[in-house]
Amino acid sequence: MAEGPANDAPYRLLDGVRFGAGVVVQSFTNLYGCEIGDHTRVGPFVEIQSGARIGASCKIQSHAFICEGVLIGDEVFVGHGVLFINDKHPHATTGEGELQTASDWELLETRVGDGASLGSGAVIMGGVTIGERALVGAGAVVTRDVGAGEVVAGVPARALPPR
Amino acid sequence: MAEGPANDAPYRLLDGVRFGAGVVVQSFTNLYGCEIGDHTRVGPFVEIQSGARIGASCKIQSHAFICEGVLIGDEVFVGHGVLFINDKHPHATTGEGELQTASDWELLETRVGDGASLGSGAVIMGGVTIGERALVGAGAVVTRDVGAGEVVAGVPARALPPR
Amino acid sequence: MAEGPANDAPYRLLDGVRFGAGVVVQSFTNLYGCEIGDHTRVGPFVEIQSGARIGASCKIQSHAFICEGVLIGDEVFVGHGVLFINDKHPHATTGEGELQTASDWELLETRVGDGASLGSGAVIMGGVTIGERALVGAGAVVTRDVGAGEVVAGVPARALPPR
């Protein structure tokens, strides 16, 4: 692993990230405790949380949010404003009115296979698996697994005929 | 009211905010003229405008936009990228080609009840009321009032069977 | 063209932008190689890419992403979180596993006519034309041309009766 990103953009927060070689991270980013593979590029206004793992040669576009529990393969396109989710029933507080902490909810793991493309504005529910080379249309809300090479779109996302 | 947030993140703009005790505000935030209750947490890339009021023990997640006219109760979860709206017919300019100012449009008030959860990527039209403990699905576009405890999803958002 | 924006917000990145007179650019913005007409206002957390052209007296709201190939007229409202797209089949890499560069894809040009309003959270697919004074509903995904004065909403966006 390299010691830091290959570029030197201003206004970045990088805390405990394991960077591969040649990673490029743009300005206005907040990355912590995650792993980012060789030659992946991360756009501005992106947050990547602790425990997320991103492969090599990916493009993570502006305004994307990648949370704990998300495992992304190699050569994946994560479009602008794509939002991942890792909680089935998000709440601000526990039933007793205390703020939720990590022990108050079940972390859902989400996987995105090599070569998949997630269109801009897509929302990926927690716990789904998106197969290799799958294509998620812009603005789709993915609530179920997407097979390898499958093309889905809409709210909720449904399969379109294969390319 | 406390004098400022409980943490000290870099790259924040805080102007005339009334903070409760123990509020945590992350980096890359732009908060002005609003009110934020005790122990509420605000994520990165969030804008909260003048006149917005947020209760205690809320979670305001990354990339959310909360505008003037939005009144949020206690223990509310505002997911990543949630967008509020306060104008029924947004335009850049008046009919005479001048840039719109505050006096050129009607401010719609939006209310979110205690304990409600707004899923990531949801868009909340101006003027709606979302009841206590309601759940808005990720990616939903809320165009009508949502009753207390109701669960809605889709574009436009429609009721699902109660949990 | 003026030499820079009319205000002086912190945490901005402005690189090679052609500014008209009286342009206002908020904090946490990343604008490069684009053109922005007189008296247009740009909100926080906005990226505007090289080659994008924005007319006079527009409002570009927070969290918007405007890419290369987007041509926006005068007096256009671009809502919060609006995302433009300029590629029909986005991928992270070429078929040979190399990161895509500008020569590996066809740039789709998108046009937005004078006086149009794009609601918050709308996604605009590459290559469409949105006519003058058209209204795109919040959260819509625009996949086809929108006529002058037409009102569209939904995923995918469909015409509603004229106002």
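In chain A, strand β2 runs parallel to strand β5 (residues 35-36), and 2 bridges join them. Strands here are DSSP runs of E with at least two residues, numbered from the N terminus. Two strands pair if DSSP finds at least two bridges between them. A:Arg18 has A:Glu35 of β5(A) as its bridge partner.

This is a predicted model: local features need pLDDT of at least 70, side-chain atom pairs count only at pLDDT 80 or more, and totals for chains, interfaces and linings use all residues. Residues are numbered from 1 along each chain as its sequence is written, while chains are lettered from A and ligands numbered from 1 in the order in which they are written.

Chain C has an open sheet of 6 strands with parallel pairing, in the order β2-β5-β8-β11-β14-β17. Here β2 (18-19) and β17 (129-130) of chain C are the edge strands, each pairing on one side only.

| Strands | Bridges | Direction |
|---|---|---|
| β2(A) and β5(A) | 2 bridges | parallel |
| β2(C) and β5(C) | 2 bridges | parallel |

How do the chains relate? Chain B can be laid on chain A by a turn of 120° and a shift of 0.0 Å along the axis, with an RMSD of 0.0 Å. The two copies are thus related as by a three-fold rotation axis. The superposition is by least squares on the C-alpha atoms of residues with pLDDT of at least 70 in both.

Terms used:
Helix = DSSP H or I, 4+ residues; strand = E, 2+ residues; numbered from the N terminus.
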